[in-house]
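Thanks for coming. I will keep this short and go through a few residues one by one.

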Amino acid sequence: QVPLAESGGGLVQPGESLRLSCKASGSIVRIYSMGWFRQPPGKQRELVARIVSGGSTDYVDSVKGRFTISVDYAKTTVYLQMNSLKPEDTAVYYCNADLQRPGTIRAQFWGQGTQVTVSS
């Protein structure tokens with residue numbers, strides 16, 4: 001396993017910002033992509049944003065222009081800057097990493113999740 005330690009969730013009012021962080025621990029040979037998914041109450045988990053090793057990014061339409069994903073490969077940490085938050089952004093946010101550890105095959109790993117609540 002590759003522990004993914006998430007931080008940065010919380011309760012904010014509409015229009016405010018949060019930054020999520022997720023660090024992948026342990027020995028890593030290569031990171032293929034890192035990203036964030038979310039699961040709103042009563043709904044399925046969906047991709048929010050992903051960044052691949054070449055630098056290209058993908059965002060779900062509902063967050064384009066408001067959220068920015070970035071990665072520090074030296075720190076094996078992915079960030080999600082969330083601006084202009086809306087109540088519909090309320091969800092548990094999960095970090096995801098597609099990577100390879102020494103002596104193993106490529107695999108995907110998940111964090112435990114961090115709650116983001118946007119409410120007035």
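I start with Thr114, which is buried, its relative accessible area being 13%. The cut-off here is under 20%, so Thr114 falls on the buried side at 13%. Keep in mind that this is a predicted model.

Thr114 sits in strand β11, residues 114-118. What does the side chain of Thr114 reach? It reaches the backbone nitrogen of Gly9, at 3.4 Å. Leaving aside neighbours within four places in sequence, Thr114 has contacts with Glu6, Gly9, Leu20, Ala91, Val92 and Tyr93.

Glu6 takes us to strand β1, residues 4-7, where the side chains alternate. Leu4 and Glu6 point to one face and are buried. Strand β1 pairs with strand β3, residues 18-24, in the antiparallel sense, over four bridges. Within that pairing, Leu4 stands opposite Ala24 of β3.

Now the other threonine. Thr77 lies in strand β8, which covers residues 77-82. Is Thr77 buried or exposed? Thr77 counts as buried, because its relative accessibility is 7%. A polar atom of the Thr77 side chain lies 2.9 Å from the backbone oxygen of Lys75. Again leaving aside neighbours within four places in sequence, Thr77 is in contact with Ser21, Cys22 and Lys23, and also with Ser70, Val71 and Asp72.

Technical notes
Residues numbered from 1 in each chain as written. Predicted model: local features only at pLDDT ≥ 70, side-chain atom pairs only at ≥ 80, totals over all residues. Heavy atoms only, no water. Buried < 20%, exposed > 50% of the residue type's maximum accessible area, 1.4 Å probe, protein only. Helix = DSSP H or I, 4+ residues; strand = E, 2+ residues; numbered from the N terminus. Pairing = 2+ DSSP bridges. Polar contact = N/O pair within 3.5 Å; in protein donor to acceptor, adjacent residues only side chain to side chain. Contact = heavy atoms within 4.5 Å.
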